[in-house]
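User: Please take a close look at the part of this model that the database record annotates, and then follow the architecture and the side-chain packing from there. I would like one connected account, with the cut-offs stated as you go.

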Amino acid sequence: MSDAAAPAQDDAPRPPRRLTAILGSLEIRMLGLALLLAVVLSLSSPFFLTERNIFNILDQSVVIGIVAVGMTFVILTGGIDLSVGAVFGLTGILLALMLQSLPIPVAIPLTVLAGAAIGLFSGVLVAVFGLAPFVVTLGVMAIGRSLSFIFSGQRSISGLPPDLDAIVYSSFLGIPANVLFLVALYILAWAYLTYTKGGRTIYAIGSNFEAARAAGLSTMFYSIMPYVVAGALSAVAVTFSLAQVMSADPMAGNGLELDAIAAVVIGGASLYGGRGSLIGTLLGVLIMVMIRNGLNLMGVSPFWQGTAIGSIIIIALLAERLINWRSTRA
Amino acid sequence: MLDTKDAISSPQGQAARATPLLMASGVSKSFGKTQALRDASLILRPGEVVGLLGANGAGKSTLSRIVSGHIQPSGGEIAFDGEALRLASTRDALGRGIALVAQETSLAPDLSVLENIFLPSLATPGRLSYSAMRARAGEILAGLGHEHILPLHKEVRTLSAAQRQLVEIAKALSLDARLIIFDEPTASLSATEVDRLFDVMARLRDGGRALAFVSHRLEEVFAITDRVTIIREGVSVAEDVATSSLTQGDIIEHMVGRDIGAIYSARRPREAGETVLEVRSLRALPHVRDVSFSVRRGEILGLGGLVGAGRSEAVEAIWGLRPRQAGEILVRGKPAKLRKPVDAVRAGMGFVAEDRRAQNIVPDLSVRENMLIALMGQHRGFWRGYNRRADRMAALIADLGLPADRLDTSLLNYSGGMQQKIIIARWLLTEPDILILDEPTKGVDIGTRSSIYRLLQDAADAGLAVIVISSDFEELLGLAERVVVVSDGLTIADLPASRLTEEKLTLLAAPRTSTARNQALLQDLVQRHGGTAFWTLIDGEELICLATAGGRPGTELAPGEAARADETLIPAALAVRAETFTPEADGARQTLLTQMTDRRGHDLGWIGLTLPGDVDPPPVADVAARVHSLTRPEETE
């Protein structure tokens, strides 16, 4: 530590700056942003705040929300998984093919297992062989997309068993099953990251791998595990998607990895690892979906959506950096 | 090292002091709300070395960085060479002839030594003449002392810390710097390297440059500086005072602002319990070749040696952070299979690694979680296990004086000393039997240091076996009851601290490569004349044997062991210490002792040759001449 940062007599940390105190934690700021967006959109479109549209937004959040959980795990360790979109596509094809001959309760677990296996492959290459996550998952992404074309014979597979839609269109207390699943997943994953040894290890690995290792944490296991979770959750997400669309497309999930990374980053996670939360990620997902939904309602060309979401990412990061600057430079 | 002052201190004394090159007064600097400097002054004159002292966080680095253009002052006046000095950047400062040689050097690791020396010129337009640069670099390095011929084509990343520093100095000289600030330059150097650096600094001073030396190692301040300026809490509390007029106590008092008394609390008599950790013939190449030691309950064991001798690497290998090729580790008498850190944690060990920021602190976790992380590592289970030792946690927090409402902030907001105490508490919370600390007071100011010593003494009192690694031999001797010396990856001595001094420890810790010559000399003497040859340190009645050769007749001296003269078989010779063959009372042995000194007159110990009493001794002059011609390691290297 430099002389400037730590006067010897000052062992008590500085009180937080007023600005930061008012704005509170990152999650509170993100919640504020999400609410602001909701207000703006409901003023711009009378359809935005209807019950139907709210369920629409939640429904559209399911796929990206599930994938973003896995991405949060990976990013918290300081890694990145570019293959989730391709794994989504490939496992979708695998599920559709399996459903041609296997019953649903067998085919779905096998699909999830396949996703987990692909994640295990990436995780081992990253953690055991020390390869760069970006490069490893870029490779897996290319392989995954290529295999989905080969397995599908370059076309969509339809003719899925009609019972499949039960996992989406059943409901409990009026809430659709897929939305319930999303909520339950976030609560479980949040509790895992906050209260368990594994969860805290994931944070510690991303924050300081060497220190986590020296303190006796299982750094190897928990460096691999997030990729397994990401792969498995991609397969879970495609299951919900298939149940809605009732057909598997080899191009499905194209660009999904970027949406998931964007949601995690908007949610305040650091790409260097160690910092971020699932609450932030969930808000990031909702913000992205609301922007898309709102622009659709206002009849804006879908080609503008990228510009809007990209701007939000950059503005959110910039605001965060400016706030941090003020508090660390003080 | 203490007495180097006589050899290299400035000859000019008080007479005819040059006009100041740099005069800074009332300098202030604030970073946001933090006032790093309030009213700091500094005067530097050509041909003088000024020590810039202060506890951690006092502002000495801030002042150096202002003078060298790294940061701009908020207020105050600085005059350089009679003109007001306003620096916009370090480049600006270099242009004016002001350079900073920092602890972490600003070299480009992938470029060669030559390119680094002329790095500032690389940025100027025009073609570069490599041959002219090579010639100039040769000149500069020669001016720094002929022993420092650096291979100019070598990549800087392959150099040692000391060599990098030399490149940094040469870089400053390539710009003809008239004022050079050395910011904690000795932090990662061995004792020999520090000596060499001081030689270079003395040359620069005698060449009429103004030097500032930032440090908190007091012995070094006395060894190299002519005058000192002491900063406390951003204010100069002693300005431009002659070093010779101060005692260590004066300086500490100025730095801390109060008399802190003995920083090593008096060692309480403790009953050493059973051996809890024993390491046998540990090998973890390339740094650790054969390390053995053991430690008992209630004991503080010092692991001494130079940086790079293999001490840290040995404990990292024990901790499972480095692969081991051989060796046995016994915990509480039973062989322990320590493959990963978690094995050691669960075997009841704790480890505060050397690099606080890189190996200990988890910056994104709160202070509380940083304290709990090792407990979690120890815990077997799905949940965090944070509440397992809530009482102990509360007691530790109270002990450390941590405000309970600040436990959820970042550890990085605390001073280095508090961070270190929190890391130590992290391991105390696991209630270990063995606690290993690697350089526990590195970068910790004197005030906090004594509280860390107390923490360790208390831990030993409570029955822990404590192992402390330190390059600060004063600290090692003040803290430990027993010291194991590691050199070149070998344990070479295991001695009670009461029989050691800093000088003896320095000699014991010297790299074996430089003592290989002495070993060869002993072998040679035995081959020519028979008998037993030995190399020993003598302090009154106390001996510490460094090496032996031959074996007959015996002397009862064994390498790495201490003995009293009357415990050996050659007490008469050791009492006389004459450069003749002195016979013992029983006539069975006769011994020649020759003292070795380096060119500065440092005692390097004695070479002895013991022959049976009944043989005709060889001519004394021959033997003595061989010893003197061969045993000037510093000169011949």
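Analyst: UniProt positions are given here in the numbering used for this model, with feature names shortened, and such annotations may be inferred rather than shown by experiment. The model is a predicted one, in which local features need pLDDT of at least 70 and side-chain atom pairs count only at pLDDT 80 or more, while totals for chains, interfaces and linings use all residues, and side-chain values use heavy atoms, with hydrogens and water left out. Residues are numbered from 1 along each chain as its sequence is written, and chains are lettered from A and ligands numbered from 1 in the order in which they are written.

According to the unreviewed UniProt entry, the annotation "transmembrane region" covers residues 28-50, 57-76, 166-193, 224-246, 258-291 and 303-323 of chain A. Taking helices as DSSP runs of H or I with at least four residues and strands as runs of E with at least two, both numbered from the N terminus, the stretch 28-50 of chain A is 74% helix and 0% strand, with its end C-alpha atoms 25 Å apart. Residues 224-246 of chain A are 96% helix and 0% strand, and there the end C-alpha atoms lie 33 Å apart.

Aromatic contacts come next: rings of Phe, Tyr and Trp (its six-membered ring) pair if their centres lie within 6.5 Å, with planes under 30 degrees apart counted as stacked, over 60 as edge-to-face and the rest as tilted. By this rule there are nine aromatic pairs over all chains. The pair F221(A) and Y222(A) is edge-to-face because the ring centres are 4.9 Å apart and the planes stand at 80°. Y222(A) counts as buried at 15% relative accessibility, where buried means under 20% relative accessible area, exposed over 50% and partly exposed in between (1.4 Å probe, protein chains only). A cluster linked by ring pairs joins F73(A), Y192(A), F382(B) and W383(B). In chain A, the charged end of R200(A) sits over the ring of Y203(A), 4.7 Å from its centre, the criterion being NZ of Lys or CZ of Arg within 6 Å of the ring centre and within 35 degrees of the ring normal.

Chain B holds 23 helices and 26 strands, and buried residues make up 55% of its 637 residues. Six of the strands form an open antiparallel sheet in the order β23-β22-β21-β26-β25-β24 of chain B, two strands pairing if DSSP finds at least two bridges between them. Strands β21 (residues 532-539) and β26 (residues 603-612) of chain B pair in the antiparallel sense over five bridges, and F534(B) stands opposite G608(B) in β26(B).

Two backbone details concern loops. Q154(A), in the loop between α6 (133-152) and α7 (166-169) of chain A, has a positive phi of about 60° although it is not a glycine, and this residue is exposed, with a relative accessible area of 58%. The peptide bond from L285(B) to P286(B) is cis, with omega near 5°, and P286(B) lies in the loop between β11 (275-284) and β12 (288-296) of chain B. Both details stand out because most residues other than glycine have a negative phi, and most peptide bonds are trans.
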